[in-house]
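Q: I have a structure open here and have not looked at it before. Can we go through it piece by piece?

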Amino acid sequence: MPNFPHPPLRIGDLVVDPPILQAPMAGFTNAAFRHIVRQFGGAGLLATEMVNARGFVWLDENDAEHPDRLWGVADEPRPLAVQIWDNDPETMAKVGRRLVEEYQVSVVDINFGCPVRQVTEKAHSGSYLLREPNRMSAIISQLVKACAPTPVTAKIRLGCSRTNINCNEIAMVVEEAGAAALTVHGRTAADMFTGVADWDRISEIKSHLRNIPLIGNGDLDSAEKVVAAFKNYNVDGVMIARACLGRPWLFAQAAAALRGEPIPPEPTIDQQRDVMLDHYQLVVDRFGEEKGTVLMRKYACCYAQGKRGARFFRTHVAKVSSAEEFFGVVREYFPTAEAVV
């Protein structure tokens with residue numbers, strides 16, 4: 001690949017070029033979505049949905065099929081990161097080792113950022129662990145030993161709340177425990193996904209790290225914003241999350257902008273519809289028509305986001321339960337959703 005004005009990102013021995021990462025997102029970044037992203041290009045490192053380590057162990061011990069969130073991982077192109085979560089160091093280390101040995105993943109990422117109540121308050125995992133740096137250190141250090149030489153990374157938020165921002169201290173804990181990179185979402189757990197990501201806070205963290213790279217995440221919804229993040233903030237890489245769900249071509253646009261090339265235009269509405277239908281077929285091939293159609297509803301809503309008529313389209317597509325109904329709704333309503341200027 002061409003050299004970028006901003007140097008490639010190095011995570012341990014892994015070179016991520018371009019230094020643009022696809023965020024792991026529960027319920028969305030499965031093998032079908034990753035396949036679509038790869039077709040457009042531009043993402044230096046892709047990631048799975050986050051995998052519950054304890055659930056993985058149970059399935060393994062009971063000879064059950066491994067989680068759907070690992071669908072495609074064994075066979076798809078590399079590099080590829082798998083993100084896992086739990087609060088028990090031994091369980092995390094056990095799963096990390098299996099991912100390295102059996103699936104040969106490129107990176108094992110630890111989720112210390114999920115703000116969802118089921119993960120935080122019920123399972124005392126995700127962003128809940130930001131209040132327990134010693135446990136975070138134990139989880140990271142055991143995973144690093146179990147996964148070597150495969151790099152282990154961590155994703156965090158700024159803190160648990162706006163009155164309890166401790167990302168600088170946590171960053172040092174993460175590095176000292178042996179992690180190879182740190183990703184920071186510029187919101188607190190209490191913010192969930194509201195408000196504006198604080199990139200100034202993200203940038204400040206860099207001075208608290210000695211050697212490992214810092215990856216910034218939050219509100220990157222255009223190629224221009226990706227370029228601005230590298231230009232204005234002290235980060236080594238960026239991670240694109242929700243904005244890519246309905247625009248998997250965003251990575252290619254951002255990569256072109258980083259190279260100083262013209263940004264590729266948005267695909268036409270007809271092209272976007274074709275991408276969505278290809279995506280639908282991949283999901284149905286895996287899960288069958290009934291389940292696949294239901295799963296595809298949320299993706300279809302993402303593809304319509306930001307277009308005229310999107311609300312009307314979402315109302316209809318949210319009710320489909322068969323291929324005939326899905327294609328019918330797409331044919332009748334999606335083409336009318338002209339891009340908003």
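Q: How many residue pairs are in polar contact between domain 1 and domain 2?
A: Three residue pairs, with both residues of each at pLDDT 80 or more. Keep in mind that this is a predicted model.

Q: And how many salt bridges between domain 1 and domain 2?
A: The count there is zero.

Q: What sort of residues does domain 1 have on the side that touches domain 2?
A: That side of domain 1 divides into nine nonpolar, five polar and two charged residues.

Q: How many residues are in contact on each side?
A: Domain 1 contributes 16 residues and domain 2 contributes 13.

Q: What area is buried between them?
A: About 1,300 Å², with 68% of that coming from carbon and sulfur atoms.

Q: Different topic. How many aromatic pairs does the structure hold?
A: Nine. One of them is Tyr 280 with Phe 327, ring centres 5.4 Å apart.

Q: Why is that pair edge-to-face?
A: Because the ring planes of Tyr 280 and Phe 327 are at 90°, and planes over 60 degrees apart count as edge-to-face.

Q: Which helices do they sit in?
A: Tyr 280 is in helix 10 (residues 269-287) and Phe 327 in helix 13 (residues 323-333), so the pair ties together parts 47 residues apart in sequence.

Key. Residues numbered from 1 in each chain as written. Predicted model: local features only at pLDDT ≥ 70, side-chain atom pairs only at ≥ 80, totals over all residues. Heavy atoms only, no water. Contact = heavy atoms within 4.5 Å. Buried area = accessible area lost by both parts, 1.4 Å probe. Salt bridge = Lys/Arg side-chain N within 4 Å of Asp/Glu carboxyl O. Polar contact = N/O pair within 3.5 Å; in protein donor to acceptor, adjacent residues only side chain to side chain. Nonpolar A, V, L, I, M, F, W, Y, C, P; charged D, E, K, R; others polar. Phe/Tyr/Trp six-rings, centres within 6.5 Å; stacked < 30°, edge-to-face > 60°. Helix = DSSP H or I, 4+ residues; strand = E, 2+ residues; numbered from the N terminus.
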